[in-house]
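Trainee: Could you walk me through this one? I'd like to ask things as we go.

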Amino acid sequence: MENLDGSILEAPKIVVPPPGPKSKEILKMQEEMETSALNYPKYFEIAIKEAKGSTIIDVDDNVYIDWFAGVAVVNLGHRNPEIVKALKDQIEKYWHFVEVPSEVRVNFLKALRETLNFDSKILFTTTGADAVEAAIKIARWNTGKRLILAFDNAYHGITAGTLGFTTYPPAKKFQPYYDNNVITIPYPYEYRCPFKDCLNEILSLVEHEVRTHDVAGILVEPVQGEGGYIVPPKGFLKGLREIADKYGSLLIVDEIQSGVGRTGKMWAYEWEGIVPDLVTIAKGIGEGIPLSLVAYKRDLDKLPQAFHLGTYRGNPLGLAVGKATIEYIKSHGILERVVSLGDYAKKKFNEIMEDNYKGSFDVRGLGFMIGVEFSDAKKNPASDFVKGMIKGLLRNGVIMYKAGLYNNVLRFMAPLTIPKELLYRGLEVFEEVLKRSVFSFQ
Ligand SMILES: Cc1ncc(COP(=O)(O)O)c(C=O)c1O
């Protein structure tokens with residue numbers, strides 16, 4: 001039986017309904033000591049003992065199928081043996097200095113640049129938000145322009161800087177002060193699009209704004225992540241590319257969630273055959289070891305010394321893992337796997353929803369970025385229903401999380417290495433939980 005990432009193939013196994021007594025005790029201690037701003041423990045009331053491949057064991061010995069992957073980060077499964085080896089080898093050498101070169105650094109740079117379809121220079125950052133901020137600075141510096149065009153429902157981070165471009169309202173409501181040198185345009189979200197011809201009307205709006213303002217860069221997620229796993233219609237990125245070229249703006253593609261193989265291409269922008277000016281990369285490239293960066297076209301490399309700094313940029317452990325990740329994806333046929341299993345899962349989600357869900361719904365996705373949006377018959381968001389589904393799934397051994405403007409989308413973001421059996425079993429659990437869920441809107 002295929003088991004690329006060392007998952008526990010017997011999952012799910014629930015021995016005590018979560019949260020079990022040991023989980024409860026640890027959750028309580030966390031609540032006492034950590035900030036009240038915590039988010040995820042409100043959805044996943046468990047304490048983790050161990051993680052293996054696409055499975056998680058809690059401290060009460062329940063075993064879960066992981067369709068969450070630490071928010072689309074652990075793309076090759078928890079503690080994938082080849083990643084563990086790369087990490088151990090690097091630990092034996094060194095794990096922090098600063099920018100001065102080392103083999104691990106240049107080896108990663110070579111491997112990463114080979115995955116990109118343009119002659120790139122790389123600037124390391126630490127988190128996703130840091131990469132986005134650096135990309136914005138590079139775009140403004142190079143063009144001498146001020147404004148950034150971003151999209152409704154976008155998520156680019158939640159630091160004081162990135163909040164300007166993160167238009168996703170749940171993230172924004174707590175912080176009214178942000179970079180407001182931003183123009184926002186609707187994203188082509190076809191299920192809820194106010195326009196008749198969603199793609200072309202939105203592209204005309206973008207063109208109008210870029211033509212009439214000094215737009216340094218168009219910042220876009222090739223598939224919206226936190227916004228609800230929204231796949232734009234074909235031609236969207238191509239259209240943005242043309243507009244950027246026509247008016248001297250730069251195209252900044254945020255691949256932080258969609259990158260590193262998650263959509264079945266190394267970078268999601270490849271589905272449209274475009275060449276971006278800047279790409280932001282984080283999450284899956286470090287498999288959980290913080291590593292992020294901006295890749296940008298060589299002709300933008302006019303940055304002065306110390307243009308963007310940060311103590312932890314290009315951490316050697318992350319660099320070793322990053323190179324091993326790229327090699328793993330290439331040598332294990334991960335992209336082909338993601339396309340075929342992703343298509344299968346999307347079809348199954350659709351069938352399950354058609355057979356069991358009474359309201360309006362939308363199943364969409366690319367590769368292992370699949371969103372299932374739940375609404376009532378009048379398309380009002382069924383947010384509470386989704387909250388109940390997350391709880392129900394957890395109780396039955398599947399870890400799945402929400403997304404979307406109205407928190408009414410369940411997103412499938414399993415490790416790309418998940419054994420087929422665990423994908424199939426997870427889908428069975430999904431169907432069972434859906435069947436038993438109460439449709440409060442009926
Ligand atoms: C598309 C996108 N950009 C940026 C970020 C921010 O990354 P980080 O949480 O590492 O700051 C995220 C995080 O979810 C993201 O999905």
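Mentor: The chain splits into domain 1 (21–67 + 333–436) and domain 2 (81–331), with bounds from an automatic or database domain assignment. This is a predicted model, where local features need pLDDT of at least 70, side-chain atom pairs count only at pLDDT 80 or more, and totals for chains, interfaces and linings use all residues. Residues are numbered from 1 along each chain as its sequence is written, and side-chain values use heavy atoms, with hydrogens and water left out.

Trainee: How many Å separate the centres of domain 1 and domain 2?

Mentor: Take the centres over C-alpha atoms. For contact, look for heavy atoms within 4.5 Å: domain 1 gives 34 residues and domain 2 gives 30 residues. As for the centres of the two domains, the separation is 25 Å.

Trainee: What area is buried between domain 1 and domain 2?

Mentor: Buried area is the accessible area (1.4 Å probe) that two parts lose on being put together, summed over both. Carbon and sulfur atoms give 60% of it here. On the domain 1 side, L366, M369 and L405 lose the most, together 29% of what that side buries. The area buried between the domains is about 2,500 Å².

Trainee: Which residue meets E226 in a salt bridge?

Mentor: A salt bridge needs a side-chain nitrogen of Lys or Arg within 4 Å of a carboxyl oxygen of Asp or Glu. The rule finds two across the interface of domain 1 and domain 2. For E226, the N to O distance is 2.8 Å, and the partner is R411.

Trainee: Which residue has a polar side-chain atom 2.7 Å from a nitrogen atom of the ligand?

Mentor: Start with the residues around the ligand (a heavy atom within 4 Å of it), including Y155, E226, D254 and Q257. A backbone N or O atom of Y155 lies 3.3 Å from a ligand nitrogen, while a side-chain N or O atom of Q257 is 2.8 Å from a ligand oxygen. The one at 2.7 Å is D254.

Trainee: How many residues apart are R241 and D277?

Mentor: Their side chains meet in a salt bridge (2.8 Å, N to O), and the structure holds 22 salt bridges. Helices (H or I, at least four residues) and strands (E, at least two) are DSSP runs, numbered from the N terminus. R241 sits in helix 8 (residues 236–247), and D277 in the loop between strand 8 (250–254) and strand 9 (278–281). This pair links distant parts of the chain, and the separation is 36 residues.

Methods
Polar contact = N/O pair within 3.5 Å; in protein donor to acceptor, adjacent residues only side chain to side chain.
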